[in-house]
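Please walk through this structure with the sequence and the model side by side.

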Amino acid sequence: MTQLPPPSEVKLGLVIDLDTCVGCHACVVSCKGWNTENYGVPLSDMDAYGSNPVGTFLNRIHSFDVQPETGPAQTVHFPKSCLHCEDAPCVTVCPTGASYKRAEDGIVLVNEDHCIGCGLCAWACPYGAREMDAAAGVMKKCTLCVDRIYNENLEEVDRVPACVRTCPSGARHFGDLGDPNSEVSLLVAARDGVDLMPEQGTKPVNKYLPPRKKDQLVQPAGTGCGGHMEEVAAEPKGFLAWLDKSLEAL
Amino acid sequence: MHPASSVIVFTVLSGFGFGCLFWLAIGLPDLMGLDAFVYYAIAFAVSVVGLVSSTFHLGNPQRALRAFTQWQTSWLSREACLSVIALVVMGLHAILVIFFGTNLQWLGILGAFFCLATVLATAMIYVQLKTVPRWNHMGNLVMFLLLSLTGGAIFTGSDWVVHLLIATALLQVGVWVYGDGRFAASGSTIESATQLGSLGQVRLFEAPHSGSNYLLKEMVHIIGRKHAVKLRFIALLLMSVVPALLAMMMPLSVVVLVVIAGIHIAGVMASRWLFFAEAEHVVGLYYDKR
Ligand code: SF4
Ligand code: SF4
Ligand code: SF4
């Protein structure tokens, strides 16, 4: 059913910390690894070993360069997967009912057996969170690892999304953003978490924590390297001075 | 947006076909017997070819029947349902006119309504998308409807041909000029996309992947825009100006109308190609491309 359910009390989603993400792409790989052999058809690659490889991914890391008015630029690594929007435009445009938002926890999924591969949902998503699989002709998107988080065959520590479990810098957090007292909600409140492209009116569940303010390096006056090295002599002395003079005289 | 030929053929031909059916439905011209048969057959054929070509870009067309189920929220589903209703109602109308010589006015009005509703739903598939600011305004909706009516007017040799052709030219120029400012007016920028604007000026440092992907191919189509101005000129000439001049200078014989229709459809195809190629999706902001 492509009608959106009334807002659920539980809103499962991710909180992504742009301050700590180091841009290692480990979550990209673990996401692809888990999701290519679990929910739905595999995430195919085309021409994987050729000159023009392309493939389906549910999570991608962009890197931005932010230039403040003064001082050096800053690199911000920016993971991007489905934000499981509350007003998900990708769901309502779907003609077949393949795209749906779960009433119980707000996860947005695609029933691949019903998907005709029209691509309209990918057009409707502002964030580029949906990719059509070139081999299967059906729409793929982040499942919030629905087949891990409720999976009683996995150990408790593994009942989180693959990307969250893998992230070596703890930049991805998973939890219930509908509960104002959950760890993720408190984190969002403490760090002033934000919505991406709020002007699109999608009401994303996933939140992004902006990079913290940088420390300012205070440099001792007149030194280039923190005062640890002697100034480089501009004028030669002693033997070098003699050599310099003699050579110039030639 | 990627200008897929199947979608261009779909929107142009189904728009033209349902426009033809609209004029036949309201009894302009009032045809009977064999004449009616020829006109209806062509109008149905063009509409159906258009609708069928819309399935060519599907990843799994064998499940296309499912697209009739979600009419409550989806314009694409509504378009599918309305087109079938329009074809069925107009099929009945055609049978009565051709074989029984009866033109039921209420049935014609019902058919005309569903023909226009189908074109409206087609347009709404694009107009509804907030993510593509150039599409996301009512000007495009009126443009789709007007082009459909104009196509049908040429087909039936209506007295309104010249007026409608001039109107398409004026509206097209308006839609282009207005559309050019839509992305900026949408308020979506690389800063709103990343929410990093408060730290400084944002640009892409490194893309997530060295090759291409579905998103870039489908939604960040930049190649075609290079010749956009020239193409706009060509589209306008073929779609409106030349057909209008021909219609003013020549008697509207069948041969002249066929020539006008051919030129007009070529122009609408060019305009529709630009409709896609010039449209920028906000996802391009994450790639620092539009
Ligand atoms: S991020 Fe995109 S795909 Fe995910 S729910 Fe929002 S609109 Fe839909
Ligand atoms: S591609 Fe599949 S999921 Fe997306 S709108 Fe079309 S039918 Fe629905
Ligand atoms: S939650 Fe699962 S599917 Fe979604 S990005 Fe993370 S690993 Fe991929």
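Which residues surround ligand 2? In this predicted model, the shell of ligand 2 is drawn from chain A and consists of Cys94(A), Pro95(A), Thr96(A), Ala98(A), Ser99(A), Cys115(A), Ile116(A), Gly117(A), Cys118(A), Gly119(A), Cys121(A) and Met139(A). Sorted by class, the shell around ligand 2 holds 8 nonpolar and 4 polar residues, with no charged ones.

Around ligand 1 there are 14 residues, of which Cys82(A), Leu83(A), Cys85(A), Cys90(A) and Cys125(A) come nearest. The shell of ligand 1 divides into 11 nonpolar, 1 polar and 2 charged residues.

Ligand 3 is surrounded by Cys31(A), Asn35(A), Asn59(A), Ser81(A), Cys142(A), Thr143(A), Leu144(A), Cys145(A), Pro161(A), Ala162(A), Cys163(A) and Arg172(A). Two elements of chain A give two or more residues to this shell: helix H1 (26-36) and helix H5 (162-166). By class, 7 of the residues around ligand 3 are nonpolar, 4 are polar and 1 is charged.

The next topic is helix packing in chain B. Two packed helices are described by the angle between their axes and the distance between the axes. For helix H2 (residues 33-53) and helix H3 (residues 75-100) of chain B, the axes come within 10 Å and cross at roughly 165°. An angle over 145 degrees counts as roughly antiparallel, and H2(B) and H3(B) are therefore roughly antiparallel to each other. H2(B) passes H3(B) in a left-handed crossing. On the H2(B) side the contact is made by Gly33(B), Ala36(B), Phe37(B), Tyr40(B), Phe44(B), Ser47(B), Val48(B) and Leu51(B), and on the H3(B) side by Glu79(B), Ser83(B), Leu87(B), Met90(B), Gly91(B), His93(B), Ala94(B), Val97(B) and Ile98(B). These contact residues of H2(B) and H3(B) comprise 11 nonpolar, 5 polar and 1 charged.

The crossing of H5(B) past H6(B) is left-handed. Among the residues that make the contact are Met143(B), Leu146(B), Leu147(B) and Thr150(B) of H5(B), together with Leu164(B), Leu165(B), Thr168(B) and Leu171(B) of H6(B). In this contact of H5(B) with H6(B), 13 residues are nonpolar, 5 are polar and none is charged.

Helix H6 (residues 161-180) of chain B also packs with helix H10 (residues 228-249) of chain B, where the axes come within 8 Å and cross at roughly 165°. H6(B) is thus roughly antiparallel to H10(B). H6(B) passes H10(B) in a left-handed crossing. The contact includes Val161(B), Leu165(B), Thr168(B), Gln172(B), Trp176(B) and Asp180(B) from H6(B), and Arg232(B), Leu236(B), Met239(B), Pro243(B) and Ala247(B) from H10(B). By class, the contact of H6(B) with H10(B) has 13 nonpolar, 3 polar and 2 charged residues.

Aromatic contacts come next. A pair of aromatic rings is described by the distance of the centres and the angle of the planes. Over all chains, a search of the whole structure finds 18 aromatic pairs. The rings of Phe144(B) and Phe275(B) have their centres 5.5 Å apart and their planes at 65°, so this pair is edge-to-face. The pair links distant parts of the chain, with Phe144(B) in helix H5 (residues 138-156) and Phe275(B) in helix H11 (residues 254-277) of chain B, 131 residues apart.

Two backbone features remain. Leu28(B) and Pro29(B) are joined by a cis peptide bond, with omega about 0°. Pro29(B) lies in the loop between helix H1 (5-25) and H2 of chain B. In chain A, Asp47(A) has a phi near 55°, a positive value in a residue other than glycine. Asp47(A) lies in the loop between strand E2 (45-46) and strand E3 (54-55) of chain A.

Methods:
Residues are numbered from 1 along each chain as its sequence is written. Chains are lettered from A and ligands numbered from 1 in the order in which they are written. This is a predicted model: local features need pLDDT of at least 70, side-chain atom pairs count only at pLDDT 80 or more; totals for chains, interfaces and linings use all residues. Side-chain values use heavy atoms; hydrogens and water are left out. Axes are lines fitted to C-alpha atoms, for helices over the stretch in contact, and angles run from 0 to 180 degrees between N-to-C directions. Helices (H or I, at least four residues) and strands (E, at least two) are DSSP runs, numbered from the N terminus. Angles under 35 degrees count as roughly parallel, over 145 as roughly antiparallel, 65 to 115 as roughly perpendicular and the rest as oblique. A crossing is left-handed if the near helix is turned anticlockwise from the far one by less than a right angle, and right-handed if clockwise. Contact means heavy atoms within 4.5 Å. Ala, Val, Leu, Ile, Met, Phe, Trp, Tyr, Cys and Pro count as nonpolar, Asp, Glu, Lys and Arg as charged, and the others, Gly among them, as polar. A residue is near a molecule or strand if one of its heavy atoms lies within 4 Å of it. Rings of Phe, Tyr and Trp (its six-membered ring) pair if their centres lie within 6.5 Å; planes under 30 degrees apart count as stacked, over 60 as edge-to-face and the rest as tilted.
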